[in-house]
Amino acid sequence: MTNYDTRHNTDTETLNRSRISPPKRYGVYLLNDDYTTMDFVVKVLTEIFMMSEERAVAVMLLVHHEGKGLCGVYPRDIAETKQQQVMRLAREEGHPLQCTAEEV
């Protein structure tokens with residue numbers, strides 16, 4: 001009968017160093033202003049963040065009443081892309097809407 005050595009010779013320190021941490025997450029926020037229309041904010045939320053109309057209206061009201069509203073949480077590259085899409089669409093349509101991406 002053959003004896004198989006099932007013990008693993010691993011160094012715990014090497015295992016700890018080789019673990020990969022998950023990517024940092026970033027929240028994308030819309031900021032309130034006195035000029036951007038509520039309809040445009042809902043359009044941004046439905047087209048760029050793929051929210052339902054009902055959810056978009058709720059977030060728009062949060063932005064309106066609280067001054068800032070979370071649109072979604074993404075890895076950094078996606079969050080920055082969403083932010084750029086919002087800023088480009090706002091510029092194209094003549095709105096001063098601001099959008100930020102912050103680590104959460």
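I take buried to mean under 20% relative accessible area. That is the cut-off for my first entry, and the model I'm working on is a predicted one.

**Cysteines**

A disulfide is a covalent bond between the sulfur atoms of two cysteines. How many disulfides does the structure hold? I got 0. From C71, the closest cysteine sulfur is the one in C99, and at 5.8 Å it is too far for a bond. I ran the search from C99 as well, and it pointed back to C71 at 5.8 Å.

**Salt bridges**

Next I searched the whole structure for salt bridges and got 3. I went through them one at a time.

K43 pairs with E93, with the closest N and O atoms 2.6 Å apart. I looked up where the two sit: K43 is in helix α2 (residues 38–47), while E93 is in the loop between α4 (76–92) and β3 (98–103). They are 50 residues apart in sequence, so this bridge ties together separate parts of the chain. On accessibility, K43 is partly exposed at 27%, and E93 is partly exposed at 38%.

K68 pairs with E102, and here the closest N and O atoms are 3.1 Å apart. This one also links distant parts of the chain, with K68 in strand β2 (residues 68–75) and E102 in strand β3, 34 residues apart. K68 has a relative accessible area of 33%, which puts it in the partly exposed class. E102 lands in that class as well, at 29%.

The last entry is D77 with R76, the closest N and O atoms being 3.9 Å apart. With a cut-off of 4 Å, the pair still counts as a salt bridge. D77 is exposed, with 52% relative accessible area, whereas R76 is partly exposed at 45%.

**Nonpolar core**

Then I turned to the inside. The largest nonpolar core has 23 residues. Which of them touch the most other members? My list reads L30, V44, L45, F49, M51, V86 and L97. I also asked which elements give two or more residues to this core, and got β1 (25–31), α2, α3 (53–66), β2 and α4. Helix α2 gives the most, with 5 residues.

Leaving out neighbours within four places in sequence, L97 is in contact with L30, L31, D33, T36, F40, V41, V44, V86, M87 and A90. L30, V44 and V86 in that set are also on the list of residues touching the most other core members.

**Nonpolar surface**

Last, I checked the outside for nonpolar side chains. M38, V57 and L61 form a patch on the surface, with about 210 Å² of accessible area together. M38 belongs to helix α2, the element that gives the most to the core. M38 itself is partly exposed, at 37% relative accessible area.

Definitions and conventions:
Residues are numbered from 1 along each chain as its sequence is written. This is a predicted model: local features need pLDDT of at least 70, side-chain atom pairs count only at pLDDT 80 or more; totals for chains, interfaces and linings use all residues. Side-chain values use heavy atoms; hydrogens and water are left out. Helices (H or I, at least four residues) and strands (E, at least two) are DSSP runs, numbered from the N terminus. Buried means under 20% relative accessible area, exposed over 50%, partly exposed in between (1.4 Å probe, protein chains only). Patches are made of residues with over 30% relative accessible area and no salt bridge: like charges are joined within 9 Å, nonpolar side chains (Val, Leu, Ile, Met, Phe, Trp, Tyr) within 5 Å. Accessible areas come from the Shrake-Rupley method with a 1.4 Å probe; for residues, only the protein chains shown count as cover. A nonpolar core is a set of buried Ala, Val, Leu, Ile, Met, Phe, Trp, Tyr and Cys residues joined through side-chain atoms within 4.5 Å. Contact means heavy atoms within 4.5 Å. A disulfide is a pair of cysteine sulfur atoms within 2.5 Å.
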